[in-house]
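This report looks at how neighbouring helices pack. Two packed helices are described by the angle between their axes and the distance between the axes.

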Amino acid sequence: MKSLIQKGIILSSILLFMACGESTDVVESGTYQGTIKEVEAAKTEIYVSTDDNKTLELYFTENTSLTRNGSEVEFSELKEGQKVEVKVEKKGKRLDPLSVKIME
Amino acid sequence: MTELPDFWRTEVFHPLSVHFPIVLLLMATLFKLISLWSSKITWDHGGRLLLLLGVIGIWIAIYTGNLADGIVSRQLCDPTVLKEHENFAYTTAWIFTAALIIELLMRYIDLVKTRIISIILVLLMFAGTGTLMYVGHLGAQLVYQQAAGVNIPSGDCAEFN
């Protein structure tokens with residue numbers, strides 16, 4: 001029993017190291033299509049998983065336009081799993097979203 | 001004319017809260033290490049108390065860090081450093097939380113109270129100390145290289161007149 005508890009603690013410790021964290025990628029300025037992986041409404045932030053398996057972390061700015069079928073929509077319209085097209089501008093290693101189009 | 005911003009800004013609560021768990025958790029690790037060899041219960045009990053307070057403190061620091069994140073991210077030139085800071089902060093918090101759970105199990109369940117688990121606990125806390133120091137290093141990079149959350153005065157300091 002003691003041995004089982006000890007093994008459990010060691011295994012849990014290893015899993016703990018592996019479980020934490022989410023990495024993001026930096027890409028060049030341009031337009032990318034992908035799927036919304038996560039929406040952080042409180043920070044007006046989204047994570048987009050692009051078609052070439054990169055994760056973009058995008059903080060909306062006051063200049064970011066968000067549209068669906070050509071019309072401006074509220075940030076609350078964004079949901080996980082939605083297909084989007086994002087136009088980003090790279091400043092240093094920061095990606096500023098210029099526009100986000102909801103594709104569906 | 002530029003105005004001096006209020007000191008009590010949302011992003012300032014993170015640096016105000018983050019240094020307590022750093023000290024508490026480092027001291028907790030030291031106390032628990034000494035308790036492996038010392039028969040004085042002060043080290044063991046003190047280490048437990050420091051660990052408990054440190055774990056409470058680190059989750060408060062993570063909460064205030066999340067508040068600051070939403071504000072400073074848009075101003076950073078390399079937010080990937082912030083992301084790594086955040087990821088390792090969560091890893092550190094979970095490591096010390098796991099250490100606290102083990103510590104409490106050892107306190108209340110005799111079956112768990114063995115020498116080998118005491119050693120595993122200290123090793124876990126050392127691992128947490130390593131990630132804690134790295135989180136601190138990344139936090140310092142954010143402040144001293146990218147001025148995260150820092151007000152930069154105008155060239156003529158007019159706002160201080």
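This is a predicted model: local features need pLDDT of at least 70, side-chain atom pairs count only at pLDDT 80 or more; totals for chains, interfaces and linings use all residues.

Residues are numbered from 1 along each chain as its sequence is written, while chains are lettered from A and ligands numbered from 1 in the order in which they are written. The model has an ipTM of 0.72 and a pTM of 0.84.

Helices here are DSSP runs (H or I, at least four residues), numbered from the N terminus. Axes are lines fitted to C-alpha atoms over the stretch in contact, and angles run from 0 to 180 degrees between N-to-C directions.

| Pair in chain B | Axes come within | Crossing angle |
|---|---|---|
| Helix 2 (residues 41-72) and helix 3 (residues 79-108) | 9 Å | roughly 155° |
| Helix 3 and helix 4 (residues 115-146) | 8 Å | roughly 155° |

The crossing angle makes helix 2 of chain B roughly antiparallel (over 145 degrees) to helix 3 of chain B. Residues in their contact (C-beta atoms, placed from the backbone, within 7 Å) include B:Leu51, B:Val55 and B:Trp59 of helix 2 and B:Ala89, B:Phe96 and B:Leu100 of helix 3. By class, this contact has 13 nonpolar, 4 polar and 5 charged residues.

Helix 3 of chain B and helix 4 of chain B are likewise roughly antiparallel to each other. Their contact holds 20 nonpolar, 7 polar and 2 charged residues.

Key. Helices (H or I, at least four residues) and strands (E, at least two) are DSSP runs, numbered from the N terminus. Angles under 35 degrees count as roughly parallel, over 145 as roughly antiparallel, 65 to 115 as roughly perpendicular and the rest as oblique. Two residues are in contact if their C-beta atoms, placed from the backbone, lie within 7 Å. Ala, Val, Leu, Ile, Met, Phe, Trp, Tyr, Cys and Pro count as nonpolar, Asp, Glu, Lys and Arg as charged, and the others, Gly among them, as polar.
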